[in-house]
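Dear colleague,

Please find below the structure that I am handing over to you. My findings follow it, arranged by topic.

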Amino acid sequence: MSRQEWQNIFSAKTKGLVEKHGHNWILEFDDTIEADKQARFWYQYTRGAFARFRCSKCNKDWTSKKVLVVFHFQLNKSTRKGTVKAHHFRQECKTCEDAEMEKPKFAPDNIKALLEKLVERIDVRCYTKNRGNSSVRLRYFRKSDGPHEAAHCEACQKGFCGQAE
Ligand SMILES: [Zn+2]
Ligand SMILES: [Zn+2]
């Protein structure tokens, strides 16, 4: 259901691009993509957003102010198709042993804000003549306030949580 929500908001946000350029944009979820490791000719956009998690073992829930979401995107002008791949980084319960990595749940307003920024970035990268520096890297920010349990955060474990922008 949550993924359907992402799809709906994504369609709404890319409507302008679709109408203006006649390109079709699709959103895929792909947990194999990693920050700063985009395939050739793909652009990256990363952002942290507030999300909620629930442990599937003990049912405890918790929130995290900056859950890393990585997007890789590409426009194929010959097929007129744009593709966005998204990876939501997971976290695990800190009280359960052998806890599972849980997927974040984002509120609709946060999804809207994330996808709005993403579409702005797509517009700049794929449609604006002055594309800027395509090698812009993930910016590492100081840790946000509030507890962030690095040991229980998938992005931290992989070394690029960074509390992205
Ligand atoms: Zn638990
Ligand atoms: Zn982290």
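**The sheet and its surroundings**

The protein chain contains an open sheet of four strands in the order 1-4-3-2, and the pairing is mixed. Strand 1 and strand 2 lie at the edges with a single partner strand each, so one side of each has no neighbour in the sheet. From one strand to the next, the twist averages 25°. Please keep in mind throughout that this is a predicted model.

**The chain as a whole**

The secondary structure comprises three helices and six strands. Along the sequence, these elements follow the pattern α-β-β-β-β-β-β-α-α. The protein chain has 165 residues, of which 30% count as buried. If one takes the contacts between residues at least 6 apart in sequence, 65% of them join residues at least 24 apart.

**Strand 2 and strand 3**

Strand 2 and strand 3 run antiparallel and are joined by eleven bridges. Q44 stands opposite H72 of strand 3, and R52 has T63 of strand 3 as its bridge partner. The two strands form a hairpin, with six residues between them.

Most residues other than glycine have a negative phi. D36 belongs to the loop between strand 1 and strand 2. Is D36 buried or exposed? D36 is exposed, because it has 12 other C-beta atoms within 10 Å, and a residue counts as exposed if that number is 12 or fewer.

Another is N59, with a phi near 75°. N59 is located in the loop between strand 2 and strand 3, that is, in the turn of the hairpin described above. N59 also counts as exposed, because it has 8 C-beta neighbours inside 10 Å.

**Helix 1**

Helix 1 covers residues 2–21 and so has 20 residues. Its span from the first C-alpha to the last is 28 Å, close to the 28 Å expected at 1.5 Å a residue. Just after helix 1, G22 adopts a positive phi of about 70°.

Helix 2 lies across strand 2, strand 3 and strand 4, and runs at about 175° to strand 2. The largest nonpolar core has 28 residues, and those that touch the most other members are L68, V69, F71, L115 and L118. Which elements give two or more residues to this core? They are helix 1, helix 2, strand 1, strand 2 (43–54), strand 3 (61–76) and strand 4 (81–88). Apart from its neighbours within four places in sequence, L118 is in contact with Y45 and F71. F71 is itself among the residues that touch the most other members of the core.

With kind regards

Definitions and conventions. Residues are numbered from 1 along each chain as its sequence is written. Chains are lettered from A and ligands numbered from 1 in the order in which they are written. This is a predicted model: local features need pLDDT of at least 70, side-chain atom pairs count only at pLDDT 80 or more; totals for chains, interfaces and linings use all residues. A residue is buried if 20 or more other C-beta atoms lie within 10 Å of its own, exposed if 12 or fewer, and partly exposed in between; C-beta atoms are placed from the backbone. Two residues are in contact if their C-beta atoms, placed from the backbone, lie within 7 Å. The expected span of a helix is 1.5 Å times one less than its number of residues. A nonpolar core is a set of buried Ala, Val, Leu, Ile, Met, Phe, Trp, Tyr and Cys residues joined through C-beta atoms within 7 Å. Two strands pair if DSSP finds at least two bridges between them. Axes are lines fitted to C-alpha atoms, for helices over the stretch in contact, and angles run from 0 to 180 degrees between N-to-C directions.
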